[in-house]
Amino acid sequence: MPGEFGLIAKYFARPTPSAVLGPGDDCALLQPSPGCQLAVTTDMLVAGVHFLPDTDPGRLGWKTLAVNLSDLAAMGARARWVTLAGALPTVDEAWLAKFADGLFACAREFGVDVVGGDTTRGPLNLCLTAIGEVEPGRALRRDGARPGDEIWVSGRPGLAALGLAHLQGRVSLSEPWPRLCVAALEKPRPRLALGQALVGVASAAIDISDGLLGDLGHLCRRSGVGAALRLVQLPQLRDLAGSGDSYDADLRRLALECQLAGGDDYELLFTVPAAQHTRLGAIAAELELPLWCIGEIVAGGPAVTVFDPDGQAVEFARKGYDHFGQ
């Protein structure tokens, strides 16, 4: 059985053409593109907190990288390099091989190099740092939203949380929703192309890893504004259990809770001046990605007010995920 350095060499030391020096030394050496700033983000994934212990290791490898790339996407950055530190309870080479395959499949698809990291023995914990580039003054930030801006979101928020509910036996979904929702949970797609397309268009952006309402609240606090979110403008999930009368009221409530507070979506939520509305249609068509205008930024705040189809304000006790607030 290989030791620590043998494991790194066997599974994680691969060519890094974009780095001056990759794995194998005390540090990697990286050369940013001329005139670019670095965008740096770090996320941990802990077994039993961020993923189920029996999650397919290939999908877990993909997700470990994808959730970090999502933060770069929210800044409009171009992904370049990542480092990975992992605690492993034991050496399972079959598990490691599949995990590395998923990790590097994601790295290839989104054009990043794994340039270093560390391993140690301990409860399963994966910590990845991602580094991207953005031109000075061009990064998407959370503090640029202004009253009158429209609020938009990509994809179909809520699918990942519904996938978790399905795996935990809290809901029974009809096909093809179990497959689609579990895939959204275990193999999210970071919206890097969308983030870069929004540079110069969006006034503020955030990824909705912890829940749409909670993350919209973070954006509002940073911008010093409020938000009016309209349920009727959210992407509909009415066919989760079929159509017509078969759409169970309990499932409808759960689907709405997952949309608004479920988290683990890694879609982008962003604001744009109303004059950019038609530009968003062109971006959606170009990327073949649904984009939804779900409300508007208002003065005051940072309260996020949710309105039902009749225009009445409704309260939701749960806003999103908080590791120390549950």
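Is Glu296 buried, partly exposed or exposed, and what is its relative accessible area? Glu296 comes out partly exposed, at 23% (buried is under 20% relative accessible area, exposed is over 50% and partly exposed lies in between, using a 1.4 Å probe and protein chains only).

A quick note on the model: this is a predicted one, so local features need pLDDT of at least 70 and side-chain atom pairs count only at pLDDT 80 or more, while totals for chains, interfaces and linings use all residues. Numbering runs from 1 along each chain as its sequence is written, and side-chain values use heavy atoms, with hydrogens and water left out.

**View 1. Arg230 and Glu296 meet in a salt bridge.** The N to O distance is 2.5 Å (a salt bridge here is a side-chain nitrogen of Lys or Arg within 4 Å of a carboxyl oxygen of Asp or Glu). The pair links distant parts of the chain, with Arg230 in strand 7 (residues 226–230) and Glu296 in strand 9 (residues 291–298), 66 residues apart. Helices (H or I, at least four residues) and strands (E, at least two) are DSSP runs, numbered from the N terminus. Arg230 is partly exposed too, with a relative accessible area of 27%.

**View 2. Arg78 and Glu133 pair up across the chain.** Their side chains form a salt bridge, 2.9 Å from N to O. Arg78 sits in strand 2 (residues 78–88) and Glu133 in strand 4 (residues 125–134), 55 residues apart. Glu133 is buried at 3% relative accessibility, whereas Arg78 is partly exposed at 40%. Arg80 joins in as well: Arg78, Arg80 and Glu133 are linked in a network of salt bridges.

**View 3. Asp143 bridges to Arg141.** The closest N and O atoms of this salt bridge are 2.7 Å apart. Asp143 is partly exposed at 23%, and Arg141 is partly exposed at 45%.

**View 4. Helix 9 (residues 277–287) has buried residues Leu280, Ile283 and Ala284.** They cover an arc of only 100° around the axis, so they lie on the same side of helix 9; the arc is taken over directions from the helix axis to the C-beta atoms. These buried residues pack against strand 5 (150–154), helix 6 (192–198), strand 8 (268–272) and strand 9, where contact means heavy atoms within 4.5 Å. The face turned away from the buried side carries the exposed residues Thr278, Ala285 and Glu286. Just after helix 9, Glu288 takes a positive phi of about 55°.
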